[in-house]
Amino acid sequence: MKIDLFITCLADSYYPRTGIAVVKILEHLGHEVRFPREQTCCGQPMFNTGYKDDTRTIAKKMIDVFEDSDIVVTPSGSCAAMIHENYEVLFENDPVYLKKAKALAAKTHEFILFLTDVLKLNLTDLGVQWKGKATYHYSCHLRGIGVEGGGAKVVDVIKQVNGLEYVQIDKPEQCCGFGGTFAMKYPQISGTMVEDKVNCIKDTQADYVICNDAGCTMNISGSCQRAGHEVKFITLAEIIAEGLGLLEVENV
Amino acid sequence: MSSAPGSQTTASESVELTMDGHDILFPKLPYDMKQRVQGATNNAELQEFVNSATRMRDQMRINGCKDAFGDNYDKIRALAGDIKQHTLDNLDYYIEQFIDNATAAGTNVHYAADAEEANAICKEICQKHNAKLVVKSKSMVTEETNLVHELEAIGVETIETDLGEYILQLDHDAPSHLVTPMIHKNRASVGRAFARELGVEYTDDPGELTKIARRVLRDKYRQADIGMSGGNFMIADSGSVCICTNEGNGRLCTSVPPVHIAYIGIEKMIPSRKHLPVFLKLLSRSAIGSPITVYNHIMTGPKRNAEPDGPQEQHIILIDNGRTEVLKPETREMLRCIRCGACLNSCPVYRKVGGHSYGSVYPGPIGALLTPVFKGLANYKDLPYASSLCGACYEACPVKINIPKYLIQLRSDLIGGKHDKFTDRVFFKLWSFSLKKAWMYRLAGKMAGVFLRLRNKGVKNKNPYLNRGWVEKVPGPAAGWTEKRDLVTPPTKDFRSWWDEHQKSKGGK
């Protein structure tokens, strides 16, 4: 099938390897991947801060960019949730764009859930082989796309990777304290939250934290760095790509 | 009286050293949240026990609800939400029906537009009966109107009988949670307060402390001129009030003294008794995971002639105090709240800052909504932003109030009212503008990258798609970020660069 990639602004600039992995996996599976170059950002930072008018302009652009797409895949639960949950709110009084917003939401999928729910793939059957001791950060925004508990479902997928030693983290459902501008407006609260998360990660003694949302990664890895806790952050997409030999194993 | 062992202070003592209970819930306005947050996050004890108690209750909720409802958990939440929403949509009708039926049952129903009116009505009833002593059960709306202080001011001794509230009253402290009001206190501080205020031997044994409280309170019930309560639910088609307590104190307050006054917010209505089980099933499970509250007390009118006990006179004060304003369609859903406290227990922010950081009677996620709408958005500008929007509260709410959605709505209202900082406004304007064209977005990203990489540290990989480093301090709007963690720097090449190479290597576009 023809799949259009919504890379997200953070993956584009900060975590390009995630996008590279997604493209390589999808092409490996025999799909045609396209990258509409006019895309920018979903507008979540503005929306969450309360700048609705500014967000509307950005959302319209996103909707227009992907209007002709059959399927949109994005490596972020958070950005997918923005499209799923909030675009409708923005266009409550604009029937034309409300319809388009709903259409975009219907065809937009978070990458891992796309593999499992749409393509119905199993990573073991696919032959994903990857070595490492890893825990997983349940990103909150999976709630926004209907994954209750924030990620137990993704854990099941992770466990399908041959050779991966999975370690469960304590307080998995507890937010890491990112929250976009929240982290900047309330460093004290956000900082205490992320310290809690880092301590839970330390307790797992894992070498890798699988974190599929770039926002959470920036926050938690930044806090690990500050605390001097050495742990590698990787997305499940990167693990799959490495595990299928599509990406070289590297020090992430 | 023995001296209390241990010199460690409790959470509330160290956070609110110079405040009494009144100042904690009624701070100077506009309220600045940051100071209390600082105190709370630096308080290791509060971090430990609020964190653990809330997590434990949250897990109990999940277990209790999953056991009882299984896959229907979401459905019963939706049903409860729909019942409340329907009632709120037709609140005028149901209030009228309630007043008619309660009046027919012999209750005096009063309507108070605000806190002042409600307390005036209450004080008038006290004065009419020459009341010297009032016993009351737990009621958030009496906290909202600051009733106890007002009654004490006219010489009416008013005793809180809910054990947690009683302890807080003794210790001149204030509730920090909707259901477990003394979640921020430890037992040593309770022991000290009992020793100091009641002149008893110091003990921190919960069983002993409960016995002492019980002994003191029993006499108060017998002596009281008036018993007061709140109300968990008002039942429109019978004019009844339902109160749910776990200690039996509500039942004593409403049946032993000769006069009973109930303070109830108008949103506590449900249409009929047949709807009550839905809420009774959810209330206690959502609060503490237990199947049902121990005492569920439904009162319809005062004591009838043939009945052996109950009050001879009953008053219900229906309290608006800002609620009709919230009833407008854009915010109506917020009034579904049944005060179970599940959103507090599930909230990672509440777990870190405790209830007093919210500077009002209603703490936690629901408080961050209700306080600004009840007391003025400009007075509580900090609260809507004090959330990471993680959605745990929405998932826990038994009446499905979409708390994150309304928090964002309040943020948007603040911006509409020009309450945002000018620098923030400009920053987001510029950022939004740069997102209109992909080339501007990319240029802005590249410039930020260059700026950040000048301060780069700890680059470990030479791969241009992986050569991220770290910045320890940044100026401007992101300064808050580096206060608590390092900021990652972007690698030298972005995804778009790879895409172009990839297309070339395929010999494509």
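Reply: What follows is a short talk through a predicted model, taken topic by topic.

Me: Start with the contact between the chains. How many residues come from chain B and how many from chain A?

Reply: Chain B puts in 56 residues and chain A puts in 60 residues.

Me: Which helix of chain B gives the most to that side?

Reply: Helix α20 of chain B, residues 403–416, with six residues.

Me: And how do the residues on chain B's side divide into nonpolar, polar and charged?

Reply: On the side of chain B that touches chain A, 29 are nonpolar, 13 are polar and 14 are charged.

Me: New topic. What domains is chain B divided into?

Reply: Domain 1 covers 46–325 and domain 2 covers 438–505. The C-alpha centres of these two domains of chain B are 55 Å apart.

Me: What is the strand order in the six-stranded sheet of chain B?

Reply: The order is β1-β10-β7-β4-β2-β3 in chain B. The sheet is open and the pairing is parallel.

Me: Why is one side of β1 and of β3 left without a neighbour?

Reply: β1 (108–112) and β3 (157–160) of chain B are at the edges of the sheet, and each has a single partner strand, so one side of each has no neighbour there. As for the twist, the average is 20 degrees from one strand to the next.

Me: What holds paired strands together in general?

Reply: Strands of a sheet pair through backbone hydrogen bonds, in a parallel or an antiparallel way.

Me: Over how many bridges do β7 and β10 of chain B pair?

Reply: Seven, with β7 at residues 259–265 and β10 at residues 313–319 of chain B. Within that pair, Tyr263(B) has Ile317(B) in β10(B) as its bridge partner.

Me: Which helix packs on this sheet?

Reply: Helix α7 of chain B (residues 115–128), which touches β1, β2, β4, β7 and β10 of chain B. The direction of α7 makes about 170 degrees with that of β10(B).

Me: Over to chain A. What is the strand order in its four-stranded sheet?

Reply: That open sheet runs β6-β5-β7-β8 in chain A, with parallel pairing. The edge strands are β6 (162–166) and β8 (232–234) of chain A, each pairing on one side only. Here the twist averages 40 degrees from one strand to the next.

Me: Which residue in β8(A) is the bridge partner of Val209(A)?

Reply: Phe233(A). β7 (residues 208–210) of chain A and β8(A) pair in the parallel sense over three bridges.

Me: Which strands of chain A does helix α13 lie across?

Reply: Helix α13 (residues 236–243) of chain A lies across β5, β7 and β8 of chain A, at about 165 degrees to β5(A).

How values were computed:
Residues are numbered from 1 along each chain as its sequence is written. Chains are lettered from A and ligands numbered from 1 in the order in which they are written. This is a predicted model: local features need pLDDT of at least 70, side-chain atom pairs count only at pLDDT 80 or more; totals for chains, interfaces and linings use all residues. Two residues are in contact if their C-beta atoms, placed from the backbone, lie within 7 Å. Helices (H or I, at least four residues) and strands (E, at least two) are DSSP runs, numbered from the N terminus. Ala, Val, Leu, Ile, Met, Phe, Trp, Tyr, Cys and Pro count as nonpolar, Asp, Glu, Lys and Arg as charged, and the others, Gly among them, as polar. Domain bounds come from an automatic or database domain assignment. Two strands pair if DSSP finds at least two bridges between them. Axes are lines fitted to C-alpha atoms, for helices over the stretch in contact, and angles run from 0 to 180 degrees between N-to-C directions.
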